[in-house]
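Colleague: I would like to learn how to read the strands, sheets and single residues of a model like this one. Could you take me through some cases, slowly?

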Amino acid sequence: NHEYQQLEQRQLLAGNVTATLQDGSLVITGDNAANQILLSGTPNGQLQVTGLTGTTINSGTSAFAVNVAVRNVTFQMGNGDDAVEIENLVARGFLTGDLGEGNDSLKVRDINVQILNVDGRAGNDVMQFHNTFSSGFITLQGQEGDDTISVTAMATNRGLIATLSDG
């Protein structure tokens, strides 16, 4: 006679993203889990990194807020199926991002930066840009996988390079 016990229900947790301010630059680093974040500017000039759908920021549930002018923003998300949203961002320097390997999504709305550089890495990535301005160069890269880059209302003073690899 066998007796069975019901196991506790388990939930797959999202990962953790580290956000720090280093020499006037906002640096965002994800782990290898499926992270979802929102990077947003506020009307008073503050930047905020918020974890979405269970993603923690600096191992906590609170958003990471920056109350000083930020020159550069860098994000490196790691190798999960990540979702990054960036809105209302003004930076005097560059916005550079690495989505890592995985089926990632990036939505960028209403930004003004000097240089924009995004690398999708391997995976089926979707990158959307709306109302995006750069006083310098814009470089968008999709690598291995079936990638989609969608652009509406984008302007640059120096040039746009968009590269998609075989997928």
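This is a predicted model: local features need pLDDT of at least 70, side-chain atom pairs count only at pLDDT 80 or more; totals for chains, interfaces and linings use all residues.

Colleague: In which order do the strands of the open sheet of eight strands follow one another?

Modeller: The order is S5-S1-S2-S7-S9-S11-S13-S15, and the pairing in this sheet is mixed. Strand S5 (56-57) and strand S15 (159-164) are at the edges, and because each has a single partner strand, one side of each is left without a neighbour in the sheet.

Colleague: And what is the order of the open sheet that seven strands form?

Modeller: Here one reads S6-S4-S3-S8-S10-S12-S14, again with mixed pairing. The edges are held by strand S6 (64-66) and strand S14 (148-156), each of which has a single partner strand, so that one side of each lacks a neighbour in the sheet. If direction is ignored, neighbouring strands of this sheet are turned against each other by 5° on average.

Colleague: Which residues are bridge partners where S12 is involved?

Modeller: Strand S10 (residues 105-113) runs parallel to strand S12 (residues 126-134), and eight bridges join them. Within this pairing, Ser105 has Val126 as its bridge partner, while Arg109 has His130. S12 is also joined to S14 by eight bridges, those two strands running parallel, and there Phe133 has Ala155 as its bridge partner.

Colleague: Turning to a charged residue, is Asp125 buried or exposed?

Modeller: Asp125, found in the loop between strand S11 (115-119) and S12, is buried and yet has no salt bridge. A salt bridge here requires a distance within 4 Å, whereas the nearest side chain of opposite charge, that of Arg121, is 8.7 Å away. Leaving aside neighbours within four places in sequence, Asp125 is in contact with several residues, including Asn103, Asp104, Asp146 and Asp147.

Colleague: What does the side chain of Asn16 reach?

Modeller: Asn16 lies in strand S1 (residues 16-22), and its side chain reaches the backbone nitrogen of Asn58 at 3.5 Å. Once neighbours within four places in sequence are left aside, the residues in contact with Asn16 include Thr29, Asp31, Asn35 and Asn58.

Conventions: Residues are numbered from 1 along each chain as its sequence is written. Side-chain values use heavy atoms; hydrogens and water are left out. Two strands pair if DSSP finds at least two bridges between them. Helices (H or I, at least four residues) and strands (E, at least two) are DSSP runs, numbered from the N terminus. Axes are lines fitted to C-alpha atoms, for helices over the stretch in contact, and angles run from 0 to 180 degrees between N-to-C directions. Buried means under 20% relative accessible area, exposed over 50%, partly exposed in between (1.4 Å probe, protein chains only). Lys and Arg count as positive and Asp and Glu as negative; His and the chain ends are not counted. Contact means heavy atoms within 4.5 Å. A polar contact is a pair of N or O atoms within 3.5 Å; within protein, one must be able to donate a hydrogen and the other to accept it, and residues adjacent in sequence count only if both atoms are side-chain atoms.
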